[in-house]
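Subject: Structure handover

Hello,

Please look through it first, then read my notes below.

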Amino acid sequence: MSEHSMPAAIEAFVDTTNRGDSEGCAAAFSTDAYLNDWGREFHGREGVASWNETDNIGKQSHFEVHGIRPGRVERQYLLTVTVSGNGYNGPGTFTFQLDSDGLIARFIIA
């Protein structure tokens, strides 16, 4: 995988966040997804949608992507971004784990 090749679900998450498309954002996640935002846990697509309303699109988040690289386990990716909006603003690395269907199964923000 090259530095600039992004799996479809991760690209969809970034693009839908930047467009403010909440339904599209949630659709990038598996139905049993797990999201951890600095220790705050959200479960399932409904949990992701709740987090999205309060902490992501609900805060007009925008991601500027700087790069992506494979993680230490199969189907894991580390996305380097700068976040702007009405919430957290600054650099970050997002850790994604995709399921066998290519959807986001785990998303860790730390």
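The notes below go through the aromatic pairs, the nonpolar core and a few residues in loops.

Please keep in mind that this is a predicted model.

Aromatic pairs

A pair of aromatic rings is described by how far apart the centres are and by the angle of the planes. Searching the whole structure gives 11 aromatic pairs. In one of them, Phe29 and Phe107, the ring centres are 6.3 Å apart and the planes stand at 50 degrees, so this pair is tilted. The angle falls between the limits of 30 degrees for stacked and 60 for edge-to-face. Phe29 belongs to strand S1 (residues 29–37) and Phe107 to strand S6 (residues 104–109), so the pair ties together parts that are 78 residues apart in sequence. Phe29 has 0% relative accessibility and counts as buried. Phe107 is also buried, with a relative accessible area of 0%.

Phe107 has another partner, Phe96. Here the rings are stacked, with 4.6 Å from centre to centre and 0 degrees between the planes. Phe96 is in strand S5 (residues 90–98) and Phe107 in S6, so this pair ties together parts 11 residues apart in sequence. Phe96 is buried too, at a relative accessible area of 0%.

Which residues do the ring pairs link into a cluster? They are Phe13, Phe29, Trp51, Phe63, Phe94, Phe96 and Phe107.

Nonpolar core

The largest nonpolar core has 25 residues. Those with the most contacts inside this core are Phe13, Phe29, Leu79, Phe94, Phe96, Ile104 and Phe107. Two or more residues of the core come from each of these elements: helix H1 (8–19), S1, helix H3 (44–55), strand S3 (62–70), strand S4 (76–84), S5 and S6.

Leaving aside neighbours within four places in sequence, Leu79 is in contact with Met6, Ile10, Val14, Val65, Gly67, Ile68, Gly92, Thr93, Phe94 and Phe96.

Loop between H3 and S3

Asn56 sits in the loop between H3 and S3. Is Asn56 buried or exposed? With 1% relative accessibility, Asn56 counts as buried. Its contacts, apart from neighbours within four places in sequence, are Phe13, Thr17, Cys25, Trp51, Ser61 and Phe63. Of these, Phe13, Trp51 and Phe63 are among the residues of the ring cluster.

Gln60 is found in the loop between H3 and S3 as well. Gln60 is partly exposed, with a relative accessible area of 48%. Most residues other than glycine have a negative phi. Gln60 is not a glycine, yet has a positive phi of about 55 degrees.

Trp38 lies in the loop between S1 and strand S2 (40–43). At 65% relative accessibility, Trp38 counts as exposed.

Ala110 is located in the segment after S6. Its relative accessibility of 61% is over 50%, so Ala110 counts as exposed. Once neighbours within four places in sequence are set aside, Ala110 is in contact with Trp38 and Thr93. Thr93 is also one of the contacts of Leu79. From C-alpha to C-alpha, Ala110 and His43 are 17 Å apart in space, and they are 67 residues apart in sequence.

Regards

Conventions:
Residues are numbered from 1 along each chain as its sequence is written. This is a predicted model: local features need pLDDT of at least 70, side-chain atom pairs count only at pLDDT 80 or more; totals for chains, interfaces and linings use all residues. Side-chain values use heavy atoms; hydrogens and water are left out. Rings of Phe, Tyr and Trp (its six-membered ring) pair if their centres lie within 6.5 Å; planes under 30 degrees apart count as stacked, over 60 as edge-to-face and the rest as tilted. Helices (H or I, at least four residues) and strands (E, at least two) are DSSP runs, numbered from the N terminus. Buried means under 20% relative accessible area, exposed over 50%, partly exposed in between (1.4 Å probe, protein chains only). Contact means heavy atoms within 4.5 Å. A nonpolar core is a set of buried Ala, Val, Leu, Ile, Met, Phe, Trp, Tyr and Cys residues joined through side-chain atoms within 4.5 Å.
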